[in-house]
Amino acid sequence: MSLNKNKSFWIVTNLINNNADLYIRNLKIFYENLSDSHDFIHFKEQNNYCIAISSKIRPPINHINNKKIILDGWIKEDCLNSIIADKKNNEIYGEFALSYSNNDGFNFVTDFYSSIPIYYFHTNKNYIITNDIRAIFIYEDFTVNINLESVLYHLGGDIAIGENELPNNNTFFTDIKKIPKGSKLTIKNNKLSTKEIIDYNFETDSSRFIKKDFINQFKDKFKESTIDRMNNGLTAIHFSGGLDSGSVLATAMEKNLDYFCVNISFKDNDLIYSQDSMIVNKVSKHLDKPSYILWADNTLRFQNNLIDNDPLLYIDGPEPRSNSLACLQVDQLINELGAVQAITGESGDVILGEQFDEVILDSLIKHDSIKSAFELFNVINEKRKISRYNIKYYINLYNIFLSKFNSKLAKRTYIKTQWQDEEVKVPEYICQSKGFLANKLYSDEYRNMLDGHRFMLDFLWPKARYFDSLSLNSSTTHPFLDLRLINLVLKIPPHEHLYLKSIKYGSYLSSKRLARESFKQTLPEIFKFKKKKHPMKVWQRKYY
């Protein structure tokens, strides 16, 4: 595995004398074995050794007001200046891991999603802080101990639980912590302090919602978010054949940006969730750009004869992007093809309103479409095959429809209806961890938020699916998680994301209206004609 020519790493430590010399020497050997296109730089500042494994094309060390700034990732210039000046600024846009020193000490800052993690190992005397967790393992006095509780959280999430969602800044290793999202860690005299510096306040006042022209405003903001990320140079688009990554591809096509496409998929039809290699191949033929499919069928299997008599099950399930070995393989492919970075459609499902059927009734009611809300309520029951002669119909009538006329009742019934395990009963030995009730979302500040917007934030906050050190050797960026786009989408009434008359034909076909209308002329193969995803039910029945 070799380093991407544009990827840089940095380490800050207070080790002294022989300990520091040995550690720096071991770091140098480790990174030199990975790359011949990087500089190994180290200097001393505020009694700390600062080490940078610096890309020759995009070095991480900058200077602002004669101060060294170590930056991995990207950030808007005015946002960077706000952080350095220690100004409160909730509108900080970028995906970055940042380090700098001032009179307060040494400071380390993450973006709103901690999309480039910053890890630290701290004892009574020493610390190592880095954007590459491997740099901690190299320290000879560090002992690798797995945090079993964190592992159980990870296995137990019916949504992929990642490091950002673990309690108490934990990671999967007992003695390694992670700086929380949107926070600054300051260290001085061997004392650590953390404070949140990006506390984004989302708009919840429905009287200030956008009234019209939703499609053009969405398209403009999405293009801005995507172009900001792809302007760095040749970019690998993780293109699954779906509408989310298709939106990224359509933007790159319209703006003539420099890109190629990569895709991770399974040939086993039961495991191709949200992947459509046929569409990928079809679209690729019409592109004036290369596309690559990496088949992940032979990676990360484990033996278990007890389940369905199948000795070769896939340990990470049906989503290729959750398979860490497959991610490393495609990471290496991206590196060899010379891309500056990769870009994904991560969280497009949430932003674009997939699975919104049951969480838009209050939005319809609030916008004087009570008749449409009741019609949708009946469609939901028809899809569930619940007749008016069934008691469940009247339970749903209260939970899904009548309660939505009162914000307090709506809040209670939202939790009750949206977070119940009905589809799949997972084994008891798997730990179920839903931290939604502790979420800021349920404070009084958000008591009047519409169900659809609550649903979005449940899945977007704190979000960690791709961020757990998987792309160590290439930068990966996510335009759907841009705060500018999120803030815009939360000002759009949730029901505007769907084709209401198509809901009876399926959640996927009726969803993502803003993206479909924005890009249907650019990529009609996807935005006009893709009507369904490969369902997870086959996989769920097989494994659970």
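Residues are numbered from 1 along each chain as its sequence is written. In this predicted model, local features need pLDDT of at least 70 and side-chain atom pairs count only at pLDDT 80 or more, while totals for chains, interfaces and linings use all residues, and side-chain values use heavy atoms, with hydrogens and water left out.

**Exercise 1. Helix α1**

Task: Determine which residues of α1 are buried, and state what covers them.

Solution. 

Step 1. Helices (H or I, at least four residues) and strands (E, at least two) are DSSP runs, numbered from the N terminus. Helix α1 has 18 residues and spans 26 Å from its first C-alpha to its last, close to the 26 Å expected at 1.5 Å a residue. The expected span is 1.5 Å times one less than the number of residues.

Step 2. Buried means under 20% relative accessible area, exposed over 50%, and partly exposed in between (1.4 Å probe, protein chains only). The buried residues of α1 are Ala20, Tyr23, Ile24, Leu27, Tyr31 and Leu34. They lie on the same side of α1, because they cover an arc of only 95° around the axis. The arc is that of the directions from the helix axis to the C-beta atoms.

Step 3. On the other side of α1, Asn18 and Asn33 are exposed.

Step 4. The cover over the buried residues includes β1 (9–13), β2 (38–45), β3 (48–55), β9 (127–130) and α3 (134–137). Contact here means heavy atoms within 4.5 Å.

**Exercise 2. A network of salt bridges**

Task: Trace the salt bridges of Lys221 with Glu224, of Asp482 with Arg229 and of Arg484 with Asp482.

Solution. 

Step 1. A salt bridge is a side-chain nitrogen of Lys or Arg within 4 Å of a carboxyl oxygen of Asp or Glu. The structure holds 21 of them.

Step 2. Lys221 and Glu224 are joined at 3.5 Å, N to O. Both residues lie in helix α5, 3 residues apart, about one turn of the helix. Lys221 is partly exposed at 25% relative accessibility, and Glu224 is partly exposed at 32%.

Step 3. Asp482 and Arg229 form a salt bridge whose closest N and O atoms are 2.8 Å apart. Asp482 lies in the loop between β19 (475–477) and α15 (483–489) and Arg229 in helix α5, so the pair ties together parts that are 253 residues apart in sequence. Asp482 is buried, at 2% relative accessibility; Arg229 is also buried, at 2%.

Step 4. Arg484 bridges to Asp482 at 2.7 Å between the closest N and O atoms, and both residues are buried.

Step 5. The network of salt bridges links Lys76, Glu95, Lys221, Glu224, Asp228, Arg229, Asp482 and Arg484.
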